[in-house]
Each structure stands twice: as C-alpha cells, then as structure tokens.
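Work through the two exercises below with the sequence and the model at hand. Each task is followed by a stepwise solution.

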Amino acid sequence: MHTIKIKIVSIVVVAFLIFFSLPSLVFAQDSGVEEFVTRFYNLCLDRQPDQAGLENWVSYLESGRLSGADVARRFIFSEEFQAKNTSNKQFLQVMYRAFFNRPPDPGGYAGWLGQLQRGRSRSFVLDGFVGSVEFARLCEKYGIQPGTGGYAAAGETEEPQLNIWGSDSFSFTLGQVVELLKGGHPQAYNQLSLVSRIVERDLSGYSASAMADIDRMVIYIDLGSFESFGPDRLSIITATLSHELNHMANRDLADSMSIADFEKLALSQELETCYGIGARSWYIDYIRRAIDSIYDSSTWWWNENDVAA
C-alpha cells in the first residue's frame with residue numbers, strides 16, 4: 001500500500017513539473033498570427049524571431065492596433081533590414097517572397113525594377129504590394145486584416161492618394177497608365193485624389209446598375225478587355241480611366257443630369273486626354289462619334305428609359 005502511494009505521488013509530481021515547466025508542450029498551438037509574423041522575421045531579417053518581439057507583434061495584430069500592411073512596412077523599413085543595404089533586385093526578391101509567398105514573375109519583376117530605376121521610392125513599391133489581391137489573400141490565410149498602403153505619401157507628397165487592388169502585373173500596368181495621365185492631362189490626373197481604390201475585376205456581367213459604384217468612389221478596370229488593342233492598349237486604358245475619373249469628380253451631379261449629359265461630360269474629358277497623350281486618330285474619331293451621337297440611345301449599350309425604370 002505504501003509503495004502504491006509513493007507511485008501516485010511521483011506521478012502527480014512529474015505531471016506538475018511537466019505542466020508548469022513545459023507549457024509549450026501542453027499548449028503547443030501556434031496561431032496563424034504567429035506564423036505571419038515569423039515569416040517576416042525569416043524572409044526579411046533572415047532570422048528566427050526573438051520571443052519578446054514575436055509576442056509584441058502578435059498582440060498588436062490580434063488587438064487590431066496594427067494591420068498586416070502596418071507590420072510589413074515596419075519590417076521592410078526597420079533599421080535591421082535597412083542595414084542589409086539590399087540592391088533593388090534583392091529588395092524585390094524579398095518583397096515577392098514575403099508578401100506573395102512566391103518567386104517573382106518575369107513581367108511584374110521587370111516592371112517594378114524599372115519603376116525603382118526611374119526613381120520611384122521603395123515606399124511606392126510597398127504600396128503596390130500591400131494593396132494587391134495576393135497580399136490580401138496571404139493575410140486572410142493567417143487570419144489577419146490586410147490593411148492598406150498610403151506609405152508613399154510621406155516621401156512622394158505630389159502623388160494623389162490611391163490604392164490599387166489586383167495582381168502585381170495589374171498594379172504595374174495601372175502605374176504606367178497613371179504616369180501617362182500625369183504627363184498628358186494633369187487636370188484629370190489630379191482627380192485621382194477622389195478615388196478610394198482601383199480594382200481589377202471581371203466586367204463581363206457589367207450592367208447599368210453598376211453606376212452605383214460611383215457613389216462608393218471605386219473604379220473597376222477589366223484589363224483583359226483591352227488585350228486586343230496591342231500597342232494602343234496603354235493609351236486606351238488611360239483614356240478610359242480619365243473617363244471614369246470624370247464621373248468621380250462630378251458624381252454629385254449624377255442625380256441632377258440625364259445619363260446622356262453625364263456621359264457626355266466624361267467623354268469630353270476623355271477626348272482631351274486622348275489629345276494630351278497622343279492617342280491614335282482612330283480612337284479619337286471613335287470618341288468624337290460617341291459624343292455626337294450621345295442623345296441617340298439606340299447607339300449605346302444603355303437605354304435611358306430602362307435605366308430609369
């Protein structure tokens with residue numbers, strides 16, 4: 001009987017020691033947030049996280065005080081990462097691995113590298129990455145809020161506030177379009193400050209009811225629909241963006257104007273943009289014809305009476 005009691009006491013003591021000395025064995029459940037933070041230590045700083053630092057980042061993310069974009073920025077612009085003195089090529093390699101969990105695709109990589117070589121800041125590139133669909137999906141995988149960009153504003157105050165959501169190749173294309181608009185039609189370019197975000201999406205089911213998007217200050221771009229225009233692709237996307245920016249700038253007038261007048265206003269700005277960026281004559285003629293026939297609803301995809309109903 002005495003022996004049995006000794007064994008029971010020994011088991012209790014051992015269990016007590018395991019429970020309090022090795023809590024990680026009892027509660028070894030790394031959260032998705034911990035994994036998210038650890039990946040930035042590994043991929044940006046080339047090391048394992050220190051316990052205090054890991055706990056702080058996890059606390060900030062779980063409480064909502066910081067978003068995924070906020071944490072990513074603090075790693076990329078930390079003294080420890082800056083001390084690595086990475087080249088632009090090395091910087092982009094890190095960005096793709098840390099933000100997209102993959103190696104860079106040739107087209108997107110070349111595009112971002114060209115932006116950096118032409119003087120764009122790394123904050124500008126960071127905005128593109130954290131505003132992408134890929135980063136949003138990465139954050140969703142780990143159960144955290146992705147957040148938004150806007151970090152380039154401190155060093156590039158001349159740039160309108162703009163979030164571009166989509167793939168990295170989409171972001172690069174829109175970057176080129178914005179630059180073209182900036183040089184060719186500054187007045188339209190300044191309207192970018194009125195946009196909350198530009199989103200890439202499939203517009204195959206687009207209908208007149210999507211006009212409600214104007215009230216949400218969102219512009220949807222379907223890049224796939226422009227593929228057939230070949231070398232004219234960028235200029236036509238730029239002209240189309242200018243058209244949508246005009247809707248943003250005049251959205252308060254939408255209820256007091258006919259749809260035809262509202263469209264004519266935007267088409268007129270689009271025509272000015274075409275002249276400013278040197279669009280091809282065939283497209284300029286197309287916009288002119290659209291303006292001339294604006295009150296003939298049979299020539300348009302919309303019918304004003306149907307929309308009003």
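**Exercise 1: Confidence**

In this predicted model, pLDDT stays under 50 over residues 12–30, and the model has six contacts beyond four places in sequence for this stretch. Residues 153–158 also have a pLDDT below 50, with six contacts in the model beyond near neighbours in sequence.

Solution. 
1. Where pLDDT is low, the predicted coordinates should not be read in detail.

**Exercise 2: Helix α4**

Task: Check the span of helix α4 (residues 51–63) at 1.5 Å a residue, then find which residues of α4 are buried and what they pack against.

Solution. 
1. The 13 residues of α4 should span 18 Å; the C-alpha atoms at its ends lie 18 Å apart, so the two values agree.
2. G53, L54, W57, V58 and L61 are the buried residues of α4, taking buried as under 20% relative accessible area.
3. Viewed down the axis of α4, these residues fall within an arc of 125 degrees and therefore line one face of the helix.
4. The buried residues of α4 pack against α3 (32–45) and α5 (68–76).
5. On the face turned away from the buried side are the exposed residues Q51 and E62.
6. After α4 comes G64, which has a positive phi near 85 degrees.

Conventions. Residues are numbered from 1 along each chain as its sequence is written. This is a predicted model: local features need pLDDT of at least 70, side-chain atom pairs count only at pLDDT 80 or more; totals for chains, interfaces and linings use all residues. Side-chain values use heavy atoms; hydrogens and water are left out. pLDDT is the predictor's confidence in each residue, from 0 to 100. Contact means heavy atoms within 4.5 Å. Helices (H or I, at least four residues) and strands (E, at least two) are DSSP runs, numbered from the N terminus. The expected span of a helix is 1.5 Å times one less than its number of residues. Buried means under 20% relative accessible area, exposed over 50%, partly exposed in between (1.4 Å probe, protein chains only). The arc is that of the directions from the helix axis to the C-beta atoms.
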